[in-house]
Amino acid sequence: RPIDVEPCGGGAIIMGNVVAAWEAKEKDIDRGGTLYPFIDRDKVIGLNESKAGSAKNCIKPYDSRTDSKEFVRSADGDGELIIHIPFTVQVKLKSFSVIGGDEGSAPKAVKLWKNRDDIDFDTAEDIEPDQEFNLVVDADGSIEYPVKIHKFQGAASITMFFTGSHDDEETQINYIGLKGEGTKDKRQIVFATYEARALESDHKSLMDQHVSKSIQ
């Protein structure tokens, strides 16, 4: 079941309440630093992109997060979008943020999987996500969604399935920010097993399809 998450801002320092201030600081530290240096950006894959190879456009440094010139958008008339994000080392994901497009095209919900290279529009219906969220419109990336850290340790990749937008037929994503901790362990290939379909040609895999699902 998707959850609604309040913004992860540090609490205000209340005069005379040292404990509250310290707890707020601890929460801020616990969210970790940006994982951008550990993302293998050239290998980011999108399914149902309006322009093939554009998924990596939303993976950018934090300082460039509000630059809306580069983005990824779903195919015309279809708001579903899957983005597979591999890392160069194993990481511990702690939180994420998303900046969407204007005019209602910002994503309204997302499902997350760790180490599942096989997630596509068929398997996403059958495989339970590690966590899912309802998203709010966020123009500057100030809203962070904390994940269940125990489910996202040792992550070699994260797959995000945006199921639609707030008020548009298409979904546009300008920025995805991931926070957590990197490790010294190099990324290992993770083999996921799942029930085979009768016709292999009907299965749209992340490993071999980098174009819009609307193009057959």
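Predicted model: local features only at pLDDT ≥ 70, side-chain atom pairs only at ≥ 80, totals over all residues.

Trainee: How many helices and strands does the chain have?
Mentor: There are two helices and ten strands. From the N terminus, the order is β-α-β-β-β-β-β-α-β-β-β-β. Take contacts between residues at least 6 apart in sequence: 83% of them join residues at least 24 apart.

Trainee: How much of the chain counts as buried?
Mentor: Of 216 residues, 46% do. The chain exposes about 11,700 Å², and carbon and sulfur atoms supply 49% of that area.

Trainee: Why is Asn48 called buried?
Mentor: Buried means under 20% relative accessible area. Asn48 has 0%, so the label holds. Asn48 is found in the loop between β3 (45-47) and β4 (72-73).

Trainee: What makes the pair of Asn48 and Glu80 a polar contact?
Mentor: The limit is 3.5 Å between N or O atoms. A polar atom of the Asn48 side chain lies 2.6 Å from the backbone oxygen of Glu80. That value is within the limit.

Trainee: Is Thr171 buried or exposed?
Mentor: Buried: its relative accessible area is 0%, against a cut-off of under 20%. Thr171 lies in the loop between β9 and β10.

Trainee: Which backbone atoms lie close enough to the Thr171 side chain to fall within 3.5 Å?
Mentor: The backbone oxygen of Gly79 lies 2.6 Å from a polar atom of that side chain. The backbone nitrogen of Ser165 lies 3.3 Å from a polar atom of the side chain of Thr171. Both values pass the 3.5 Å limit. Leaving aside neighbours within four places in sequence, the contacts of Thr171 include Val72, Arg73, Ser74, Leu81 and Pro107.

Trainee: Now charge. Why is the pair of Lys43 and Asp40 called a salt bridge?
Mentor: The rule asks for a Lys or Arg side-chain nitrogen within 4 Å of an Asp or Glu carboxyl oxygen. Lys43 and Asp40 meet at 3.8 Å, N to O, so the pair qualifies. The structure holds eight salt bridges.

Trainee: What does the salt bridge of Lys56 and Asp42 tie together?
Mentor: The closest N and O atoms of Lys56 and Asp42 are 3.7 Å apart. Lys56 lies in the loop between β3 and β4, and Asp42 in the loop between β2 (33-34) and β3, so the pair ties together parts 14 residues apart in sequence. Lys56 is partly exposed at 27%. Asp42 is exposed at 62%.

Trainee: How far apart in sequence are the parts tied together by Lys179 and Glu144?
Mentor: First the distance: their closest N and O atoms are 2.9 Å apart, within the 4 Å limit. Lys179 lies in strand β10 (residues 172-186) and Glu144 in the loop between β7 (131-134) and β8 (145-146), so the parts are 35 residues apart. Lys179 is partly exposed at 25%. Glu144 is at 10%, so Glu144 counts as buried. Elsewhere, salt bridges that share partners join Arg73, Asp168 and Glu170 into one network.

Trainee: Which residues have the most contacts inside the largest nonpolar core?
Mentor: Ile83, Phe96, Leu112, Phe162 and Ile176, in a core of 31 residues. The elements giving two or more residues are β5 (81-100), β6 (109-114), β9 (155-162) and β10. β5 gives the most, with nine. Beyond four places in sequence, Ile83 touches Val44, Cys58, Ile158, Phe162 and Ile176, among others. A second, separate core of eight residues includes Trp113, Ile119, Phe121 and Phe161.

Conventions: Residues numbered from 1 in each chain as written. Heavy atoms only, no water. Helix = DSSP H or I, 4+ residues; strand = E, 2+ residues; numbered from the N terminus. Buried < 20%, exposed > 50% of the residue type's maximum accessible area, 1.4 Å probe, protein only. Polar contact = N/O pair within 3.5 Å; in protein donor to acceptor, adjacent residues only side chain to side chain. Core = buried A, V, L, I, M, F, W, Y, C linked by side-chain atoms within 4.5 Å. Contact = heavy atoms within 4.5 Å. Areas by Shrake-Rupley, 256 points an atom, 1.4 Å probe, with all protein chains shown as cover.
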